[in-house]
Amino acid sequence: MIKKSISIILFLIWFSGTTFCQKVPPQQPKLVVCILVDQLSTEQIVAFKDQFADNGFNRLINGGAFYRNASYESASNYYGSNLATLSTGCYPSTHGIVSDWWYDRVRNKEVNAIYGDIGHKKQGTLSPSANKLLTSTITDELKWMNNGASRVSVIGINPNYLVWNGGHSPDHIYQIDSNTGQFISIHPGDDASSALPEWVDDFNNKKLLDTYSNREWGPLKNLNQYHQMKFFKEQRAHSSSFLYSLSKQEGKGAYLPVIHSPFGNKLIRDFAISQIINEGYGKGPVTDVITLHFTARAVHGRNDGAFDAETQDMLLRLDLEIADILKSIDQEVGLENTLVTLSSVSTPVRSKEEVENHGLPTGVFNGQKAASLANLFLMAKYGQGKWVMTYNDGQLFLNHELIKERKIALETIKKEAAQFISDMEGVAYAVPISELQYSAADIASLQGLKLNYHPGRSGDIAIKTNPGWYEELRDGRLIARNWNGSYHPLIIYGWKINPQDVYQSISMTRFAPTICSFLQIPFPNGCEGEPLPNLIY
């Protein structure tokens with residue numbers, strides 16, 4: 001009897017001690033860390049899984065909710081449009097970021113999505129902001145709910161991506177300056193004289209990129225075990241060709257070679273951890289948000305796509321940086337207090353040569369040439385004049401003033417120009433914008449064009465090329481247009497998240513309302529998505 005009593009007492013002591021020591025997640029996350037990777041696909045995560053360490057990508061996949069097919073259905077080729085959708089929970093037709101720039105008919109000016117009027121300068125440098133975003137974002141609503149007490153920070157390389165995750169009132173947007181190798185603030189309210197926090201100055205004074213630029217970049221692991229060497233070895237003349245100098249180059253963008261190597265990601269990791277520690281992110285009474293933009297897009301090598309050796313090595317090394325970030329967050333904040341999300345800014349595409357080698361239909365469409373030919377066609381029919389104002393990102397802008405002056409029905413000339421472009425090789429559809437609102441919108445392949453249409457910012461004619469076709473840009477680069485939007489990985493990890501592996505396609509408009517639900521704040525004011533179900537216990 002005594003033995004039995006002692007056993008019961010010991011069990012109760014052990015049970016109460018275990019219960020007391022368990023890390024119980026709070027009612028809502030204290031810290032949200034959004035990780036975004038440029039040039040990352042689900043296929044890469046799956047293909048490289050066995051070479052990743054246990055505590056990076058695999059920790060997120062195995063311990064979190066892994067949505068393999070999260071989609072952006074809109075048609076813009078500007079990645080900022082997708083990032084705006086991620087932050088707002090709505091499509092460009094609502095948030096207004098239809099492309100990187102559009103034509104403002106009222107003021108007769110081209111308008112840039114992050115810089116405003118083309119040519120506008122602030123103290124000699126362009127000042128990026130999210131002012132052209134027509135709706136609120138996750139962080140805007142968080143700021144409003146907590147009367148500005150929550151802190152919002154974004155860290156990365158490309159301002160074209162960074163501003164959309166900061167919303168309208170970020171505390172900090174830090175960018176690596178490719179000219180100096182240091183972090184600079186691109187907060188809309190900052191100017192050249194704005195003082196950086198002391199810890200940022202201390203970090204910059206370490207001149208880490210100068211140290212990294214004196215190194216060489218070779219493969220992290222045995223190159224012969226990389227996907228390219230196993231299945232596409234003919235693409236590399238020599239297996240020993242993977243060794244790159246990261247030395248600074250002369251002139252503008254001196255640090256680009258090292259920034260677009262694994263050491264650029266390492267610098268972002270170090271800076272992010274420094275901010276979390278020095279500013280106590282996740283330790284206050286309300287939720288803080290930090291967004292990190294990494295890249296798998298190297299400027300070195302041939303870069304044939306998703307599975308070239310350089311891209312794989314970038315991801316294998318990024319895997320280690322993510323592992324360090326998770327470890328540091330666990331030490332400083334606790335992963336049970338932190339919600340971590342990971343997705344991609346863009347996904348790799350096959351090169352035109354690869355498509356041709358596989359015998360698939362392909363070709364090149366040049367929007368600028370198409371616009372010039374359309375202008376010649378309209379001049380032959382209606383007389384001399386600049387009938388086409390400009391072309392950008394699959395949209396043709398007509399000269400409304402000239403059309404009105406010549407007393408031609410706008411809808412008539414739209415249809416004629418659209419029909420002319422439709423007959424060009426490689427064009428699947430050329431549709432007057434007005435038709436997207438009605439009959440053409442019922443065609444599944446045109447849904448992306450409709451979701452990307454905003455009446456005050458879109459052109460008169462929307463153009464969609466055939467699957468497998470590429471568009472030649474003004475600088476001669478070829479880009480592959482997504483046929484029906486683009487698919488990305490989405491991982492949600494930490495806090496109260498139930499591990500699961502989801503193959504079903506989900507819209508990225510569901511990300512914002514899901515995060516807002518976790519934070520117990522209002523949805524962004526233009527939100528069109530619904531929260532994802534069965535995510536938390």
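The exercises below, each with a worked solution, concern a predicted model of a protein chain.

In this predicted model, local features need pLDDT of at least 70 and side-chain atom pairs count only at pLDDT 80 or more, while totals for chains, interfaces and linings use all residues. Residues are numbered from 1 along each chain as its sequence is written, and side-chain values use heavy atoms, with hydrogens and water left out.

**Exercise 1. The chain as a whole**

Task: Determine how the radius of gyration of the protein chain stands against that of a compact globule with 537 residues.

Solution. 
1. The radius of gyration is taken over C-alpha atoms, and the globule rule is 2.2 Å times the number of residues to the power 0.38.
2. For 537 residues a compact globule would have a value near 24 Å; the protein chain has 25 Å, which agrees.
3. Along the principal axes, the C-alpha atoms fill a box of roughly 105 × 55 × 50 Å.
4. Of the 537 residues, 55% count as buried (buried means under 20% relative accessible area, exposed over 50%, partly exposed in between, with a 1.4 Å probe and protein chains only).
5. Of the contacts (heavy atoms within 4.5 Å) with a separation of 6 or more, 72% are between residues 24 or more positions apart.
6. The secondary structure comes to 20 helices and 22 strands; helices (H or I, at least four residues) and strands (E, at least two) are DSSP runs, numbered from the N terminus.

**Exercise 2. An antiparallel sheet**

Task: Identify which strands stand at the edges of the open sheet that contains E14 and E16.

Solution. 
1. The open sheet has 4 strands in the order E14-E15-E17-E16, with antiparallel pairing.
2. Strands E14 (388–392) and E16 (427–432) stand at the edges with a single partner strand each, so one side of each is left without a neighbour in the sheet.
3. The twist averages 20 degrees from one strand to the next.
4. Within the sheet, strand E15 (residues 395–398) pairs with strand E17 (residues 461–465) in the antiparallel sense over 2 bridges, and Leu 396 has Ile 461 as its bridge partner in E17.
5. Helix H15 (residues 367–382) packs on the sheet, touching E14 and E15, and its direction makes about 160 degrees with that of E14. Axes are lines fitted to C-alpha atoms, for helices over the stretch in contact, and angles run from 0 to 180 degrees between N-to-C directions.
6. Helix H17 (residues 410–422) also packs on the sheet, touching E15, E16 and E17; its direction makes about 175 degrees with that of E16.

**Exercise 3. Arg 481**

Task: Decide whether Arg 481 is buried or exposed, and give its side-chain polar contacts.

Solution. 
1. Arg 481 lies in the loop between strand E19 (478–480) and strand E20 (486–494).
2. Arg 481 counts as buried because its relative accessibility is 15%.
3. Its side chain makes a polar contact with the side chain of Asp 393 at 2.7 Å, and another, of 2.6 Å, with that of Glu 471. A polar contact is a pair of N or O atoms within 3.5 Å; within protein, one must be able to donate a hydrogen and the other to accept it, and residues adjacent in sequence count only if both atoms are side-chain atoms.
4. Not counting residues up to four places away in sequence, the residues that Arg 481 touches include Ala 75, Asn 77, Tyr 391 and Trp 469.

Notes: Two strands pair if DSSP finds at least two bridges between them.
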